[in-house]
Amino acid sequence: MFLHCTLLITALLWTQPSLTSAGKILVYPVEGSRWLNMDVILRELHKRGHDLTVVRSVMSLQIPENSPHYKSLTIQVSRSIDLDKPDPMALLLKKTIQSRKSKWSILSFIDASQLFFSIMEQGTRVSAEMLRTILEDKMLVENLQNAKFDLILTDPFYGSGVVLGSYLGLPIVLSARWIMNREAHVLIAPSPLSYIPTFGSEVSDKMTFTDRLKNLFYYALGQYMYHMIIRPAYQGLITEFIDPNSDIHSLTQGADLWLMRVDFVFEFPRPTMPNVVYVGGFQCKPSGPLPDELEMFVQSSGEHGVIVMSFGTRFERLDLDLSEIFASAFADLPQKVVWRHVGPKPSTVGNNTLILDWIPQNDLLGHPKTKVFITHGGTNGIYEAIYHGVPMLAMPLILDQFDNMVRLKAKGIAEVLEVTELDVDTLTQSLKNILHEKQRYMENMRRISSLHRDTPLKPMDSIIFWLELVMRHKGAAHLRTESYKMPWYAYYNLDILASVLSVFMISFLLFAQICKLPFKVLERKRKVKQQ
């Protein structure tokens with residue numbers, strides 16, 4: 001009896017969060033889908049007993065001020081976004097579609113690029129203004145310093161969390177896939193443009209000459225964005241509060257740990273660094289039961305199965321013409337369709353299509369009846385489909401979704417359609433290709449899904465381990481290269497090359513002069529004899 005009680009107590013202690021290892025974490029998140037990812041991590045940290053404080057703006061539309069799993073620090077900022085103006089991302093979507101319709105003519109490309117730069121400039125400016133409000137509030141800064149946080153967890157898409165962590169002298173952990181002007185790896189790891197695709201280039205790691213030229217062009221655009229938009233927004237703050245010799249990139253490169261939301265079953269292989277931990281798909285989880293009515297609808301599909309369609313939260317409201325195309329194509333299929341759609345109901349919806357303004361996407365993707373996932377190519381949805389082994393029909397709309405499509409096609413787990421070229425016939429044929437060519441798509445997806453799941457440690461457990469390691473050891477400097485402190489000419493050994501070339505040239509000139517000397521002596525003797 002005593003032995004049984006001892007074993008029970010030990011098991012309970014083992015499964016409970018360790019109060020002695022609980023830490024205090026300052027969290028500086030970014031809005032949008034990045035917050036959804038961050039919130040998943042915060043919920044797990046709270047379950048493990050950690051004390052979380054989330055910095056948020058009073059204008060935040062997504063990050064709740066009151067939450068059961070964190071305390072919030074709400075910053076009063078000026079109203080930086082005019083809600084009466086059109087949604088800038090909706091406008092960018094419209095411009096992107098127009099540009100792709102015109103096959104990226106020079107004028108349409110310039111128009112879309114200017115809008116994109118304007119959106120990025122506004123986001124950076126708002127981020128920097130909020131950071132200045134924090135740093136200039138001496139009482140707030142003193143409270144943050146007295147709180148004795150163990151680390152700061154932030155997303156480097158904007159730089160405010162990195163600057164605040166550097167100012168407070170905290171170990172910095174980044175949850176990242178993108179920084180503002182490029183994919184996050186490019187900032188810290190060797191990234192040859194000959195086979196590492198740049199954001200926006202829409203090329204794979206197998207590049208032709210034209211692909212490499214295109215890749216270089218988009219890299220140059222990223223450099224322009226950094227030097228003209230990102231760096232100026234933060235440099236004044238960094239000069240005033242930290243170090244005039246630093247900039248936002250060098251502070252970001254100095255982070256202790258990168259939780260990279262990447263899995264190489266999806267991404268192309270590339271060089272990496274010791275302080276990068278790969279946690280792609282950490283938000284994925286086993287499917288749960290569907291609501292009764294939805295389960296009945298799914299089961300009614302019989303042997304044909306179900307198609308699930310969702311374009312995420314931002315693009316849930318489609319253009320009416322596109323909605324009619326989808327509805328017409330779905331109506332002619334033997335499969336049942338569960339479609340997340342907000343807006344007017346298309347007139348051509350068939351009896352086999354169930355339209356909902358919200359769907360339990362993870363649970364549907366994990367259902368054995370689900371055959372295809374129609375998606376806009378958001379990263380979270382892609383990883384959920386990979387986790388559950390569901391082939392995709394992808395229609396990218398904006399930003400990194402086009403780069404995601406290149407990866408999906410390269411892995412052979414999706415068909416890709418341009419929204420600008422969509423009609424009932426092409427949509428129907430693409431769905432039939434996926435449904436009927438099971439050997440091609442389903443086998444590839446099963447292999448990719450198996451590789452994604454075959455890890456010694458679940459991605460979320462890996463996140464918690466590394467965060468707690470940083471807290472235990474007050475950082476992870478032993479994993480961080482110091483190369484970011486080198487000037488660019490020293491990093492590429494250009495100073496050594498210049499020195500070697502100088503020595504070579506001087507030696508060559510001396511040798512040439514020495515070789516000329518006998519001829520000069522002979523010439524002088526000849527002139528003397530002639531005289």
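Which helices each supply at least two residues of the nonpolar patch? They are α18 and α19, the latter spanning residues 494-530. The structure described here is a predicted model.

## The nonpolar patch

Eight names make up this patch on the surface: M486, W488, Y489, Y491, Y492, L494, L497 and L501. Together they have about 870 Å² of accessible area.

One of these residues, L501, lies in helix α19.

## Two residues with positive phi

Two residues in loops have a backbone angle to look at. K474 is not a glycine, yet its phi is positive, at about 55 degrees. K474 sits in the loop between α17 (459-472) and α18. With a relative accessible area of 61%, K474 is exposed, since the term applies over 50%.

N493 is also a residue other than glycine, and its phi is positive, near 60 degrees. The loop that holds N493 runs between α18 and α19, the two helices that each give at least two residues to the nonpolar patch. N493 counts as partly exposed, with a relative accessibility of 41%.

## The second largest pocket

The second largest pocket contains about 1,200 Å³ of space. Its lining is made of 38 residues, and those nearest the centre are V186, L187, H249, Q253 and Y484. Two or more lining residues come from each of these elements: α7 (185-188), α8 (209-241), α9 (248-253) and α18 (488-491). The element that gives the most is α8, with five residues.

By residue type, the lining of this pocket divides into 19 nonpolar, 13 polar and six charged residues.

## The cavities

The model has five cavities of 30 Å³ or more. The second largest cavity has a volume of about 150 Å³. Around this cavity are 17 lining residues, of which E183, I196, P197, E267 and R407 lie nearest its centre. The elements giving two or more residues to this lining are α7 and α14 (401-411).

The lining of the second largest cavity consists of 10 nonpolar, two polar and five charged residues.

Definitions and conventions: Residues numbered from 1 in each chain as written. Predicted model: local features only at pLDDT ≥ 70, side-chain atom pairs only at ≥ 80, totals over all residues. Heavy atoms only, no water. 1 Å grid on protein atoms, 1.4 Å probe; cavity = no way out; pocket = protein on both sides within 12 Å on 5 of 7 lines; lining within 4 Å. Points joined across faces, edges and corners; volume = space filled by probe spheres on them. Helix = DSSP H or I, 4+ residues; strand = E, 2+ residues; numbered from the N terminus. Nonpolar A, V, L, I, M, F, W, Y, C, P; charged D, E, K, R; others polar. Patch = residues over 30% accessible without salt bridge, like charges linked within 9 Å, V, L, I, M, F, W, Y side chains within 5 Å. Areas by Shrake-Rupley, 256 points an atom, 1.4 Å probe, with all protein chains shown as cover. Salt bridge = Lys/Arg side-chain N within 4 Å of Asp/Glu carboxyl O. Buried < 20%, exposed > 50% of the residue type's maximum accessible area, 1.4 Å probe, protein only.
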